[in-house]
Amino acid sequence: MTHPPASSDAVLVVGAGISGAACARALAGAEVPVRLVDRGRRPGGRMASRRLDGRVVDLGASYLTAPEGSPFAAVVDGWVARGLARPWTDTFAVAGPDGLRDRRTGPVRYAAPGGLRALVEDLVEGLRPEAGLTVAAVVPADDAGHAVTVDGAPVRAAVLAMPDPQARRLLPEGSAAHAALHGADTWRPAIAVVLRFGERSWPADLHGAFVHDSDVLGWVADDGDRRGDGAPVLVAHTVPAFAAAHLEDPDAVVAPVVAAVRAALGLVAEPVAAVAHRWTFSAPGEQHDGTSGLVDGVGVCGDAWGERSSVGTAWASGDALGRRLAGV
Ligand SMILES: Cc1cc2nc3c(=O)[nH]c(=O)nc-3n(C[C@H](O)[C@H](O)[C@H](O)COP(=O)(O)OP(=O)(O)OC[C@H]3O[C@@H](n4cnc5c(N)ncnc54)[C@H](O)[C@@H]3O)c2cc1C
């Protein structure tokens with residue numbers, strides 16, 4: 001970090017994605033001093049929205065779901081009431097490599113008119129998150145009574161709210177906290193490709209398409225439809241193996257992804273612009289037991305802590321860890 005924590009009484013939450021934001025918010029709500037830091041320029045993590053050609057587009061998570069009656073559903077209802085989130089659809093297309101096949105209905109998916117990052121920014125409002133701070137080393141508390149340290153400075157507790165492989169490399173090998181992050185090697189990559197067309201030429205009720213049996217594509221979202229502005233923009237996500245083969249040169253996937261999207265959706269038009277974004281750690285390959293980890297003053301939370309990886313799981317994990325640390 002560029003400067004040490006202001007107070008060793010504070011819990012230092014590292015990572016301002018939705019799990020770190022929920023954790024920091026739960027701590028602040030229980031009046032526990034908390035600092036929230038992130039190496040990125042803005043909060044959001046994998047709920048990433050970027051401005052391209054003057055328009056916001058979602059590059060990471062496509063949507064969120066909220067189990068009815070859950071605490072997260074109450075948070076989502078609040079966002080909907082304030083116009084930050086909107087119910088998008090409960091039905092997506094199913095495609096194969098050679099065309100659209102079917103439709104599938106499931107739970108209501110929510111999207112954000114201002115991009116999903118806006119939801120994390122809303123959660124951290126008032127918490128004064130500190131951007132551009134990269135944590136390099138976290139040393140857990142020990143039996144000799146030494147406090148947890150973050151880059152050499154003592155803290156009340158440290159929370160690592162990030163993908164397990166990123167958290168694990170901050171911890172000493174052989175520590176119990178390092179060992180708790182077993183499964184870190186199973187995390188899968190993805191590459192997202194934003195495709196901007198001259199006009200919309202896919203079915204108006206497509207919303208999004210799960211793509212089966214493709215070596216390239218796993219999913220395509222209609223970004224104009226989910227964000228509500230009708231822009232002719234699709235966001236395609238590759239399958240993990242294809243991403244893994246191109247992590248060093250994500251731009252190389254653009255041509256095969258364009259071809260795969262056109263074939264899967266039956267499009268004649270070519271996009272007028274395409275941009276690739278790499279996610280080295282997109283989703284865990286296995287889930288931990290429990291809602292969060294806490295050992296020797298080091299807490300870990302995120303989407304690997306819960307039944308299945310999702311935005312809602314990450315929120316619930318961070319919220320649970322914050323309450324656990326606050327003793328409420
Ligand atoms: C391509 C893609 C598609 C997805 N689709 C969906 C979907 O449709 N629906 C759904 O529910 N979920 C989806 N997800 C998953 C969802 O985005 C995640 O589950 C959720 O956003 C995880 O939040 P998090 O806070 O646990 O981690 P993250 O959002 O990854 O946040 C971790 C934060 O830690 C910071 N950080 C890391 N290391 C350091 C360090 N050393 N120092 C300081 N800061 C650090 C990072 O900058 C980052 O901001 C998708 C994810 C991806 C990548």
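How many Å should the 12 residues of helix α8 span? At 1.5 Å a residue, residues 254–265 should span 16 Å, and the end C-alpha atoms are 16 Å apart, which agrees. The expected span is 1.5 Å times one less than the number of residues.

Some ground rules. This is a predicted model: local features need pLDDT of at least 70, side-chain atom pairs count only at pLDDT 80 or more, and totals for chains, interfaces and linings use all residues. Residues are numbered from 1 along each chain as its sequence is written. Helices (H or I, at least four residues) and strands (E, at least two) are DSSP runs, numbered from the N terminus.

Back to α8. V257, A260, V261, A264 and L265 are buried, meaning that 20 or more other C-beta atoms lie within 10 Å of each one's own, with C-beta atoms placed from the backbone; 12 or fewer is exposed, and in between is partly exposed. Seen down the axis of α8, the buried residues fall within an arc of 110°, so they line one face of the helix. That arc is taken over the directions from the helix axis to the C-beta atoms. In general, an α-helix has 3.6 residues a turn, so residues three or four places apart point the same way. Just after α8, G266 takes a positive phi of about 70°.

What covers that face? The cover includes β5 (86–96), β6 (99–111) and β11 (188–196), along with β12, β13 and β14. Contact here means C-beta atoms, placed from the backbone, within 7 Å.

Now the sheet. It is open, with 7 strands in the order β6-β5-β12-β13-β14-β11-β15, and the pairing is mixed. Strands pair if DSSP finds at least two bridges between them. At the edges sit β6 and β15 (273–283), each pairing on one side only. The twist averages 20° from one strand to the next. β11 and β15 pair in the antiparallel sense over 8 bridges, and V193 stands opposite A276 in β15. α8 runs at about 70° to β13. Axes are lines fitted to C-alpha atoms, for helices over the stretch in contact; angles run from 0 to 180 degrees between N-to-C directions.

Last, the domains. Domain 1 is 1–51 + 116–184 + 289–328, and domain 2 is 62–68 + 75–113 + 188–283. These bounds come from an automatic or database domain assignment. Their centres, taken over C-alpha atoms, are 29 Å apart. The contact takes 13 residues from domain 1 and 12 residues from domain 2. On the domain 1 side, α3 (117–123), α4 (164–168) and α9 (311–326) each give two or more residues.

Methods: Contact = placed C-beta atoms within 7 Å.
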